[in-house]
Structures are given as C-alpha cells and as structure tokens.
Amino acid sequence: MRRRQRAFSVVEVLTVLVIVGLILAAIAITAPLFLNAQNEVQAQTDNINSAALALYRVQRDVRQSDVNGVFNCTTAPVVLCSQTGGNAVTTQALAIITADNGTGEFQPITTGAAAGQPDWQGFWYYWLVPDPNGQSNDLLREYENTGPINLTTASLPSVELLAQTWLTTALGGSPETVATNVESLSAAADTGDSIVQLQLVGGGTSSGNVTSLSLSGSSYVRN
Amino acid sequence: MVLILVLVLVALLLIVALAIVAASNSAGQSTTMVSEKYRVLNSAEGAENLALNDLESNPTEVNGAHFSGSINGVNYDSWVESNNLSNSGTATATDPGSGNTIVVPNNSAYIYGVAADQGGHTTYVEAIAGPAPPLALPPGAVNAGHDIQDISPMPIMQSDPLHQNNANLFANNNILVFGQPSTVQGATSAVGNDELTGAAGTYSNQSPVRFPLPVEVSLAANNAQLIAQGGSTYTGAQIAQNGTQQYNGNVYVNGNLAINSGTVTFAQGTYVYVNGNLCLSGNGQVVDANSSSSEFVVSGNVEVSGGAGYSASPGQNTLMLVLGSDAAQQPCDTNNTHAIDLTMSGTNPIGTIYAANGSVALMGGGYITGAVDAGQDVLLEGTGTGMQYDLAQADTTMNTGTLTYNSYFEH
C-alpha cells in the first residue's frame with residue numbers, strides 16, 4: 001500500500017515565502033548600492049580620463065613651445081595676456097606659442113645663424129567657457145596663425161600684445177572642445193628653468209554622481 | 001517550488017555580479033588609456049635621446065642609423081635620419097609622421113624616435129639637433145666665485161682709452177681690502193660687502209654673476225681632452241727635455257709639464273691639454289700662440305714663479321682652464337696653496353685664466369693683460385705695474401662638445 005506523501009503546511013509555505021521575500025528585499029536594497037558604487041567609480045574615471053587627456057594635450061603643446069611664449073590670459077571682462085612666473089595661478093585662458101603652421105607640420109628656420117631653431121608661426125589657445133548646464137566649464141582649444149614671430153628680437157610686451165590680439169580672434173572662432181567638466185585651469189612659466197607648471201581641476205556630474213579632482217604637472221619646454 | 005525559487009535567486013545574484021564586473025572593466029580600460037599615452041611618449045622620447053647620444057659619441061654617424069628596443073614595455077625605434085653636422089649646406093629628409101620633406105640646416109642633424117602601443121597609437125618625437133652653445137664666462141677684468149682679496153696695491157686698468165673704466169671687478173662674496181687699496185679703472189661689485197673703490201662705482205649687495213656649473217666645466221674639459229688626444233701626444237718629460245720648441249696642432253701632454261728653461265710654444269691648433277700640473281720656474285716660458293677661441297686646459301695646478309712666464313696671443317679669446325683646487329701644499333711648490341699662483345714678470349698677455357675649482361693669486365712685479373676668473377678667491381698681491389683688462393676676453397667661451405635640440409616636435 002502506497003503511503004500518501006505529506007504536503008507542506010500553510011505555515012511552512014508562509015515561512016518559506018517570508019524568508020524568500022526577505023532575501024529578495026535585501027537584494028533589492030543592496031544591488032542598487034553596488035551598481036551605483038560602480039557608477040560613481042565610472043563617473044570619477046570619466047572625469048579623470050577627460051581631465052588627464054586634456055592635460056596631456058596642453059602639456060604636449062607646451063613641450064613644443066618656448067617658455068618665453070607661454071602666457072596666462074583673461075577673456076573677460078577684457079582680453080589680456082601676460083607672462084606669469086612663480087607658482088601656478090588660476091587663469092581663464094592660456095596662450096602657447098607654436099611653430100606649427102596649423103596643419104600639424106612643425107616649421108624650423110632653414111637658413112642663417114638661427115637655422116634649426118623653431119620658426120614660430122602662431123599660438124595654441126586654451127580657454128574655459130561655462131557648459132550649457134552652467135554647472136561647470138568646457139575647455140576649448142583653437143589655433144591662430146599670426147605669421148612669423150621672432151622671439152629673439154621681439155620684446156616681451158610686443159609678444160604679449162600679439163598673443164592677446166589673436167586671442168580675441170580665437171574667441172570668435174570655431175574651437176574644438178578638449179574637455180568637459182573643468183572647474184579651473186592654472187599655469188605659470190618659469191623662464192629660468194624652462195618649466196611650465198599646469199594644474200587642471202576637473203569635476204561635475206556624471207551618471208548622476210558629483211565628482212571633483214585636481215591634476216597637476218610640470219612640463220619641460222623643449223624649445 | 002523551493003528549487004525554482006533558489007534558481008531564481010542565483011540568477012539574480014549572477015546578473016548583479018556580471019554588472020559589477022562589466023563596470024569595473026570599463027573603468028579600468030579608461031584609466032589605462034591615458035597612462036598608455038604617456039608610456040608611449042616616454043618611449044619615443046627615450047628613443048630620440050638615444051639617437052642624440054649616438055650622435056654625440058659619433059658625430060660622423062651615417063644617415064639612417066637605426067636602433068630599437070623597449071622602454072617600460074613599449075617598443076621603440078630610434079633613427080639618425082639625416083646627419084648634416086659636418087656640412088655647411090642644407091640637406092633634406094622625409095618626416096616619417098607626415099611624409100613631408102624636412103629641410104635639415106647646415107651643421108645640424110634630423111633625428112627621431114617612434115613608439116607605438118598595441119592598439120596602434122603611434123607617437124613620433126622628432127628634433128633638429130646641433131652643437132650646444134659654448135659656455136660663457138662672466139665679462140670683466142676679475143671675477144671671483146668667493147672673495148677678491150686686495151692685499152697689496154695693484155692697479156687694474158681699463159682696456160683702452162676708448163673704453164673708459166671698463167676694468168670691472170666682481171665677487172660673489174666680498175671684496176676685501178687689507179692695506180693700501182688698489183686703483184681700479186672700473187666698477188667694483190660684490191654680493192656681500194665691497195670695500196674697494198672703483199672709478200666707475202662701488203656696489204655692495206649685488207646679485208651674483210654666473211660661472212659655469214661644475215658639470216659644465218667637466219664636459220668642457222672632457223671635450224678638450226678628447227680633441228687634444230686626437231692631435232699629437234707627448235709626455236711632459238719629453239717636452240721639458242726638448243727645450244725650446246714649437247708644437248703645432250692640438251697637443252695632449254701626459255704628466256706634469258715642468259719647464260725651467262727655454263720657450264715651449266703651442267701654435268696652429270685649438271686645444272692643449274696638460275694631464276698634470278704646469279710648473280714654470282727659472283726662465284722657462286710657455287707660449288700659447290693658438291689664436292681665436294683656443295683652450296689650454298691643465299688638469300692639475302699652475303705655478304709661474306721667478307722669471308718664468310706664461311703668455312697667450314693678445315686680443316684673442318684664449319682661455320687657460322685650470323681644474324686643480326686649493327690645497328695646503330701645491331705640487332709645484334709646497335709653499336704655495338692656490339690652484340693658480342702666478343708670479344708676474346715682464347709684460348705678458350695671458351688671455352683669460354680661469355681656476356674653476358680654486359683660487360688665483362696674482363703676485364710679482366710684472367704687467368699682464370687679460371682677465372682672471374676663479375671659482376674661489378682672487379688675490380691681488382702684485383707689486384708692479386699691475387694688470388690691464390683685455391676687452392676681447394669678455395667673449396671667452398668653452399665648448400662642451402655636446403649636442404642640443406634646436407627644435408623639438410611631436411606627431
């Protein structure tokens with residue numbers, strides 16, 4: 001005679017359901033925290049990545065420049081460029097003299113006593129503008145060809161004036177966006193040691209998470 | 001039913017785990033990308049430096065010389081694409097990054113380093129390199145890295161009537177007067193206290209003048225030694241034994257050069273290197289008749305005493321670089337203590353004498369023209385007609401034989 005199998009009692013089923021419910025509730029509560037933690041990490045990484053790439057770009061232009069042709073500039077209320085030494089100070093814009101003719105081709109002087117030296121062609125400009133949300137800034141970059149600049153014979157004020165004149169043109173140009181979520185840009189040019197100090201403070205909101213970071217570095221100006 | 005619930009639970013946990021792993025991987029990849037750029041750049045820069053070092057050690061390196069290797073796991077290639085260092089005309093080369101033609105100026109070279117990561121990102125670091133500019137010594141009649149000690153009245157005179165009061169003195173510490181002061185037809189200046197009155201002014205608390213750094217002096221001395229060794233080599237004893245004789249071209253003297261009679265002349269060259277001390281006594285004479293920016297390097301100490309003399313070509317940028325330092329007893333004469341002890345007799349143009357690591361003592365009753373520089377003290381102890389500044393010595397330089405980047409660019 002086959003013995004009849006005993007069924008679960010209502011109490012047993014309810015107990016199991018309560019336990020399973022508690023486990024699911026725990027997962028429901030903790031999983032978003034885990035996932036959100038990764039979003040925060042990703043947001044921070046995005047900002048670090050963006051700022052690091054931007055700093056890399058600025059440093060690359062600085063390395064190919066001349067320390068006597070790197071200026072901190074203001075864009076508002078007036079456009080003004082000046083050589084800034086000492087420790088890096090916050091700036092609205094940065095002008096970096098370049099021997100690039102705008103096509104990525106470096107131009108050296110080919111004749112005379114200065115043969116082999118860079119034939120300065122213009123400036124790379126970096127400046128900050130508020131982003132559309134008004135929460136942070138975008139870092140923009142634009143090239144302006146000023147025509148040949150002789151840093152050996154030109155006076156510092158005349159080169160500063162040239163930099164600020166063409167910065168006005170750059171501000172009305174079609175710059176590329178180098179980085180978003182930039183809070184501030186700082187720079188200083190040590191003409192004695194040919195070192196340019198740069199600092200980029202990035203931050204903002206990414207994936208709903210607010211982050212802030214500061215990247216800095218010293219670049220040896222090779223020319 | 002319980003089994004089904006357990007399976008559902010396990011599935012949920014797996015989904016959560018996969019999401020976490022995927023997010024972590026994405027973050028990691030983003031971070032790696034920037035550091036990879038720097039690694040590639042550093043590798044390419046290292047490759048370019050390798051090409052520069054190769055050219056420094058072998059200035060006649062062939063075009064297309066190529067080296068390869070790896071820095072921090074990133075492979076690089078280093079190229080001396082066009083070596084135009086020895087040529088007076090321009091050359092051309094092809095820019096590997098853009099394919100465009102590069103004009104390589106005379107007396108320069110076009111080199112580059114290239115590196116790439118596994119994802120294909122390639123960085124070219126290119127440069128036009130040329131000889132580093134020579135080291136300049138501070139202008140003026142007398143410059144001391146420490147004190148100028150005015151011990152006995154010794155007139156320091158201007159170069160000529162057209163350049164009034166240009167015999168300037170500068171001490172990076174103090175100018176001290178120990179008795180009757182010397183007459184100076186120029187300005188006297190000191191970083192500390194200046195006790196000596198100059199006809200063009202007396203200035204204390206000034207900024208120091210710059211002397212070449214020890215490493216720069218070492219480079220210049222090594223360069224002089226290498227070039228001198230490429231010429232004729234003699235021992236000091238051979239030259240002393242030969243007596244009066246002229247040695248043409250670059251000359252390397254191995255051992256102390258002690259001359260107490262006769263006149264030893266070096267001419268028609270640029271570099272003389274004495275690997276030892278230079279001791280001139282009796283009526284021994286050494287004449288550096290090499291012209292233009294010639295260099296006479298002594299690795300030890302220099303002493304000129306009695307009726308002996310050292311002279312250089314007048315009106316030239318002639319340099320005597322002495323590497324020895326001050327000591328309680330100097331090898332030529334144990335009574336002397338300075339890197340250079342110059343007892344003057346007669347009238348001699350000396351060019352610029354520079355004791356890079358020690359002091360210079362000017363003594364005796366002679367009359368010299370030129371300039372004197374010392375890393376330590378300069379002692380004015382002359383009792384005769386003194387010293388006249390040679391304006392041509394304001395342009396005295398030393399070649400290091402190194403190369404430098406005239407222009408640097410990246411792709």
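Author: The place to start is a pair of residues in chain B: B:Phe296 stands opposite B:Met320 in β26(B). The model is predicted, so local features need pLDDT of at least 70 and side-chain atom pairs pLDDT 80 or more, while totals for chains, interfaces and linings use all residues. Residues are numbered from 1 along each chain as its sequence is written, and chains are lettered from A and ligands numbered from 1 in written order.

Strand β23 (residues 295-298) of chain B and β26(B) run parallel and are joined by four bridges. Strands are DSSP runs of E of at least two residues, helices runs of H or I of at least four, both numbered from the N terminus; strands pair if DSSP finds at least two bridges between them. β26(B) also pairs with strand β28 (residues 347-357) of chain B, again in the parallel sense, over five bridges. There, B:Leu319 has B:Thr352 in β28(B) as its bridge partner.

Strand β26 of chain B covers residues 319-325, and five of its seven residues are buried, so the strand is largely enclosed by the rest of the structure. Buried means 20 or more other C-beta atoms, placed from the backbone, within 10 Å of the residue's own; exposed means 12 or fewer, partly exposed in between.

Parallel pairing is also found in an open sheet of eight strands in chain B, ordered β12-β9-β31-β29-β27-β24-β21-β18. At its edges stand β12 (175-177) and β18 (257-259) of chain B; each has a single partner strand, so one side of each is left without a neighbour in the sheet. Within this order, β29 (residues 360-364) and β31 (residues 378-380) of chain B run parallel and are joined by three bridges.

Another open sheet of chain B has antiparallel pairing, with five strands in the order β1-β2-β5-β6-β34. Its edge strands are β1 (65-71) and β34 (403-410) of chain B, each with a single partner strand, so each has one side without a neighbour in the sheet. Between β2 (residues 74-84) and β5 (residues 108-116) of chain B, eight bridges make an antiparallel pair.

On the scale of the chain, the domain assignment, automatic or from a database, divides chain B into domain 1 (36-131) and domain 2 (136-398). The C-alpha centres of these domains of chain B lie 42 Å apart. Chain B has three helices and 34 strands. Its C-alpha atoms fill a box of roughly 115 × 50 × 45 Å along the principal axes, and 48% of the 411 residues of chain B count as buried.

Chain A has two helices and nine strands, which follow the pattern α-β-β-β-β-β-β-α-β-β-β along the sequence. The C-alpha trace of chain A spans about 115 × 40 × 30 Å along its principal axes. Of the 223 residues in chain A, 39% are buried.
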